[in-house]
Amino acid sequence: MEPLLRAVNLTKRFGGLTAVNQVSLDVYRGEVVGLVGDNGAGKSTLIKMISGVYQPDGGEIEFDRQKMALNNPREARTIGIETIYQDLALAENLDVSSNIFLGREVKKPFIGNVVQTMDRRHMRRESATVLERLGIDVPPLLQQTRNLSGGQRQAVAIARAIYWNARLMIMDEPTAALGVTEQRKVLMLVRTLRDQGVPVIIISHNMQDIFAVADRIVVMRRGLKVGERKAAQTTADEIVSLMVGAEVVREMGVIPKALEGANGAPA
Amino acid sequence: MTTKEYEESSSSATTEPAAPTRTGLETLEMLRKVWAWAFLVLLIVFFTIAAKQLNDTNFLSARSIQGILVYATQIVLVGLGQTLVIVTAGIDLSVGWTLGLASVVAAMVMQALYASNVNPVLTIAAGAAAGLAVSLIPGWLNGWLVAKVKVPPFIGTLGMGGVVTGAAFLLSGGYPIAQQPPYLGQLGNGYLLYIWPGHGVNFFSPPDNLASEQLRELIPIMPNVVFITIFVVLACWFILSQTQFGQHVYAIGGNFEAAVRSGIPVRRTLIWIYTLCGLLSGIAGIVWAARFTSGAANAGETTTLTAVAAVVIGGASLFGGEGTIGGTLVGSLIIAIIQFGLVILGVVPFWQYVAVGTVVILAVIVDQLGRTLGK
């Protein structure tokens, strides 16, 4: 099967620092890829090249067999690469459907096409449909987003991406700020996306989360890809030792407790 | 997880940071929404009783109600633009001075055309057009400074206020621009309807050749400037609450970064907002010129404060994202009633400043409290 995303030898330098060094990454339809690594390992830089925020200094990106030169996030989004950052980019003063349609509001004629109003009814109906499709239960669509829980907000951000035809979803620490129940719901949603054919790249510090959803785990350290494992064929111990480097583990004799299933560590 | 499980887990207590229950939040938001209305009613009751007791006047007579409304138009017109700006988490401190500049320019044009016997409609239209056109300039510059040069709105518009004041004084030479056509005053102080009980109804002007006691029998209905203001209010309400532009105003104030990332043309929208704010101050300037048949650089000296007060009292948040035209309307009425009521009670007028200043500070405190409690 052809990968949906094929990143080959991506490199990004900032001055003298090589943040990402010749990293290759394939993402296939119907899988969740966990991207892990310690702070400064280059995860975010890699993701930002795929989502068009940074332009690589070397290597190339193919998306759906097309070679891509993404100049900005909007171009990435146009072809279907959606990134959800921790801050979710929701306008908390607006309701759910306003957020799903943020910046892409549907209009209807009021005085011909000269004066147009927003077609709120249409936007609400569409929002309800996409939320239902993802199995998301969000309280009244008229609720201001700030009154929703962290997980529900996350769900709104995901629903927005899906509504606008995301074909690859990139999620940066989606569970970091959430309580346990909410974390589970978001992971559920990640699985739902995968099952509906939208592959997900998920960045997380939380080993439990990674093992709960990822089919494949890619480990980065100091700008390099140091390992790639099928989730079913590895252990948290192995992943952590790849993350921190085998020599550290050897020196200490044990896996540092703090890194084992480190929960909510700062990004 | 099934939908049912979702419902269960969302209703059960989770380890989420304790958010107030939904009903608690709703009550809080209800309070934030209705307190201005409640305050308005309280004020009316207070002044009605006080005016009756202290100097036996009827605060709620048709004449004084219309007087309050006429007085409120200036606050409302300037407050409308200020609402748009404050919803984006900005502020425009040049509005009062733009009002003055527009009144000066409009008055100068009308004075000149009147002196050369141009026809009345053309004179007023040209004066109004000139006043409105000039008001676009500081508005656009404010927007440009805020959106493109990233000057903080507070300081950018304060500076612009200084420039505009100077320009208005330079143009007018420091004097009011009087010698206006008489029909200007009729427009600014006239009514839409004049009911002469037992005789009939006249539009726009009282019946000709009435004796003074007959004039006293006349019941004037709907001041022209109130009528004009209603139209402007409806237009602004429509823009802010029904259009995509209005939605973008809220989005910018709610989460600037998200607005940018979602592809909203944030900078262009901001420039439009400040320009519109200038234009609305300009309209207020024309109305001022018509009411006082004059133009004066300092016509709107106190209006900046009263307009900001009206918007904030009306529930807009200086943090951005919140605020409605209806709220601003209520806020304007509250200010107008306080000022008018104090006059009727015979309080030294300087106390009005103290009252308005105090009320605006209180309103901001209520807003902040609401936020901390809501978090």
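Trainee: On the other side of H4(A), what makes A:Arg121, A:Arg125 and A:Thr129 exposed?

Mentor: In this predicted model, where local features need pLDDT of at least 70, side-chain atom pairs count only at pLDDT 80 or more, and totals for chains, interfaces and linings use all residues, A:Arg121, A:Arg125 and A:Thr129 are exposed, a word kept for residues with 12 or fewer other C-beta atoms (placed from the backbone) within 10 Å of their own, whereas 20 or more make a residue buried and counts in between make it partly exposed. Residues are numbered from 1 along each chain as its sequence is written, while chains are lettered from A and ligands numbered from 1 in the order in which they are written.

Trainee: Which residues of H4(A) are buried, and why are they said to line one face of the helix?

Mentor: A:Met123, A:Ser127 and A:Leu131 are buried. Seen down the axis of H4(A), the buried residues fall within an arc of 65 degrees, taken over the directions from the helix axis to the C-beta atoms, so they line one face. An α-helix has 3.6 residues a turn, so residues three or four places apart point the same way.

Trainee: How do you know that the span of helix H4 of chain A agrees with its 14 residues?

Mentor: Helices are DSSP runs of H or I with at least four residues, strands are runs of E with at least two, and both are numbered from the N terminus. The expected span is 1.5 Å times one less than the number of residues, so the 14 residues (120-133) should span 20 Å, and the end C-alpha atoms are 20 Å apart, which agrees.

Trainee: What covers the buried residues of H4(A)?

Mentor: The cover includes helix H3 (96-100) and helix H5 (150-163) of chain A, contact being C-beta atoms, placed from the backbone, within 7 Å.

Methods
Two residues are in contact if their C-beta atoms, placed from the backbone, lie within 7 Å.
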